[in-house]
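Dear colleague,

Please find the structure below for your records. My notes on its pocket and its strands follow.

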Amino acid sequence: MTADADDGRLYFDDVPLDTKFVTSGRTITEADVVAFAGLSGDYNSLHVDESFAATTPFGGRIAHGLLVLSVASGLSTRLPVLHALQPSLLGMTDVTCRWLAPTRIGDTVRVELTFTAAQLTRSGTKGRVTERRVVLNQDDVAVIDSEWTLLVALRTVTQPS
């Protein structure tokens, strides 16, 4: 990873492909689930009703999948590589996500982020960067496998002659 010497910024040209970055962990709490239900309006019984959730194949309440995806996003932004990329980030164009296993209240999750592809846009003025973000729980079980596509500025844009 080579960040610009003047400002510490990481550009499209610098994205370290096939390098894995691992976040710190974060425990999903009862307060997280309750706050997310209130914020999102998602009061699905699987998340908020222990009596109901106990009768499901999960055997108890589980965290909202979008809550865990949001926590994974937040954990990822704290990685030094994404902090360096942030000033060059022009937007996010796509997220695909598969939920592989439930996340329970009390589980601690972390993210393994790998830049898997980088491609110039048709205009050649910016690039698309693809990240794979796998969320693992404290038992190293993958609970989410996701792919994020970002638009990132080039270090130097060459104007056509």
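Which helices and strands each supply at least two residues of the lining of the largest pocket? They are α4 (65-77), α5 (80-85), β3 (89-99) and β6 (142-153), where helices (H or I, at least four residues) and strands (E, at least two) are DSSP runs numbered from the N terminus. This is a predicted model, in which local features need pLDDT of at least 70 and side-chain atom pairs count only at pLDDT 80 or more, while totals for chains, interfaces and linings use all residues. Residues are numbered from 1 along each chain as its sequence is written, and side-chain values use heavy atoms, without hydrogens or water.

Turning to the strands, pairing requires at least two DSSP bridges. β4 (residues 108-120) pairs antiparallel with β1 (residues 20-22) over three bridges, and F21 has L113 as its bridge partner. Two bridges join β4 to β2 (residues 26-27), also antiparallel, with R26 opposite V109. Ten bridges link β4 to the antiparallel β5 (residues 126-136); five residues separate the two in a hairpin, and G124 in the turn has a positive phi of about 75°.

With kind regards
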